[in-house]
Amino acid sequence: MHILLALMLITVCVVLVALAVWRPTPLSAFCATFGLFSIGYYGLPMLLIERSTLRYLPEGEISATIGMALLFLVSLVTGVAALSRGGHKGGGFRVAVLDGLIERHWWKAAIISNLIVWANNGLRTVTFYQVESVDEYVAGRSAIEGVLGFASGLAQALSALLLVMALQSRKSNRIAFAVLGLATQMAIVFNAGQRLILIFPILLVVAVMVARRAFRLAGATLAAGIGFLMVISPFAVAIRAGSWNSQQDVQAENFSYGEDPLDTMLQSIVDRGDILQSMATLKAHVDANGRVGPLYYWSVAAIPIPRLIYPGKPYVLSDTGTMRGEASVLAWNLTMGSSTGSLTAFGSIIAYREGGWAWIPVNGLLTGMMIAWLLMWFQRGGLLSQAFFAMAFVNWSIRKVPPSLFEVMVDIMTYVPVLAALYILNRILEGERGSALPAATAPPAPA
């Protein structure tokens, strides 16, 4: 049964890719992108189950997890299609003065955005995988660090936007600097061994190309990015293993692709079956302990409240208020015991944790409609709006494959204050520019 469900999921994903090639739009490109990654995360590990740890699970559990992923994916695509058919009327988010400053001062914007990203990545001396206590790690992260982290993410998206602008203008000196900036961003985080973080700058470039409707270039860049990910994946896993005890150099020196590099790369993809395994683990936990309660939903509603005002603010999407109640960390603790770490948990199991099987298709449908509306709104806006499009595109199609309704809402609630601040700043600059104009000369009085 699980093979049939996996083939159905792969078929849906292949159709999504074919539709994007036949009729490219920002939304079809989004669906094709998370379709490609869904094949790697769900389809291949299931088809090659004998090479993964999934083979130790009972048939019923395996079929339930892949069926859950398929149901959520189809529901989300239906939601995207339902909203895209009706179209998106009107423009998007525009801050004309700020957009104009970025366009006129390309070099300053490129230098500043890259410096912000380099500084944030370079100063991140402790990773989540190197701490002894999850709770102490979370408690030690100040609100300022969260703000700086978001600013770095926006700066990284802006640097990707500036690279694409340089490519479209065909100015070689700008292209060279922007490409160097992107390569440096990747080099700084290489030792962490986090595969998606490593290629995140490339994926942002793909998203900006989609926003600016450079679909052929986006497709070629995405294919190159996936190829790079497949090649670097085994090495990155080894480096990440060494990050637990600062043995990255040892792992790098001793690493080998073996006699069959292609088989090694394929095995690295199959090992992503840990996502389906964590889904099965979480499903068993929910079945035994029940669904999340009011604290889980309050953790989302409380996001806009600064921790300085609300020190006891619950950890987002946690049913206990602490990081250990968040799904990916909970899955790790259920699987590995009381230790530090997290396993990826995507939208379908999050929806199941909230409301069981009946909530999965409803959650997927609403998520697809919300994603479609927001992506089109960002895409139709100005330069800064396209940077937000890039962040949302990557978060919802690659980092979470795909996210649940409340995970999308968490992202939105972090975007809204920044969008509001940019809008207010733009209005202030508009007022200053207007007041700087010379007063109109009054017509002469009639004789």
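Helices here are DSSP runs of H or I at least four residues long, numbered from the N terminus. The model is predicted. Two cavities of 30 Å³ or more turn up in a search of the whole structure. The count of aromatic pairs is 20. Disulfides number zero.

**Second largest cavity**
- α7 (143–169) and α8 (172–188) each give at least two residues to the lining of the second largest cavity.
- α7 supplies the largest share of that lining, with four residues.
- The space inside the second largest cavity is about 30 Å³.
- Its lining residues are Q156, S159, A160, L163, A178, L182, Q185 and P201.
- By class, this lining holds five nonpolar, three polar and no charged residues.

**Largest cavity**
- The largest cavity holds about 40 Å³ of space.
- Y296, L317, E326, A327, A345, I350, R353, K400 and E407 line the largest cavity.
- Five of these lining residues are nonpolar and four are charged, with no polar residue.
- Two of the lining residues come up again below: Y296 and A327.

**Aromatic pairs**
- A pair of aromatic rings is described by the distance of the centres and the angle of the planes.
- The structure has 20 aromatic pairs.
- One of them joins F150 and Y415, with 6.0 Å centre to centre and 55° between the planes, and is tilted.
- This pair links distant parts of the chain: F150 sits in helix α7 and Y415 in helix α18 (residues 405–435), 265 residues apart.
- Y415 counts as buried because its relative accessibility is 4%, and the cut-off is under 20%.
- Y296 and Y297 form an edge-to-face pair, because the planes of their rings stand at 80° and the cut-off is over 60; the centres are 5.1 Å apart.
- Y296, at 1% relative accessibility, is buried.
- Y297 has a relative accessible area of 30%, so Y297 is partly exposed.
- Y296 also belongs to the lining of the largest cavity.
- Ring pairs join F93, F150, W373, W377, F378, F388 and Y415 into a cluster.
- Both F150 and Y415, the tilted pair, are among the members of that cluster.

**Cysteines**
- A disulfide is a covalent bond between the sulfur atoms of two cysteines.
- The structure holds zero disulfides.
- C13 is buried, at 0% relative accessibility.
- C31 also counts as buried, because its relative accessibility is 6% and the cut-off is under 20%.

**Helix α15**
- Helix α15 spans residues 327–336 and is largely enclosed by the rest of the structure, because seven of its 10 residues are buried.
- The buried residues of α15 are A327, S328, V329, L330, A331, W332 and N333.
- These buried residues pack against α13 (274–289) and α16 (347–379).
- A327, buried in α15, is also one of the residues lining the largest cavity.
- G337 follows α15 and has a positive phi, near 95°.

Technical notes. Residues numbered from 1 in each chain as written. Predicted model: local features only at pLDDT ≥ 70, side-chain atom pairs only at ≥ 80, totals over all residues. Heavy atoms only, no water. 1 Å grid on protein atoms, 1.4 Å probe; cavity = no way out; pocket = protein on both sides within 12 Å on 5 of 7 lines; lining within 4 Å. Points joined across faces, edges and corners; volume = space filled by probe spheres on them. Nonpolar A, V, L, I, M, F, W, Y, C, P; charged D, E, K, R; others polar. Phe/Tyr/Trp six-rings, centres within 6.5 Å; stacked < 30°, edge-to-face > 60°. Buried < 20%, exposed > 50% of the residue type's maximum accessible area, 1.4 Å probe, protein only. Disulfide = S-S within 2.5 Å. Contact = heavy atoms within 4.5 Å.
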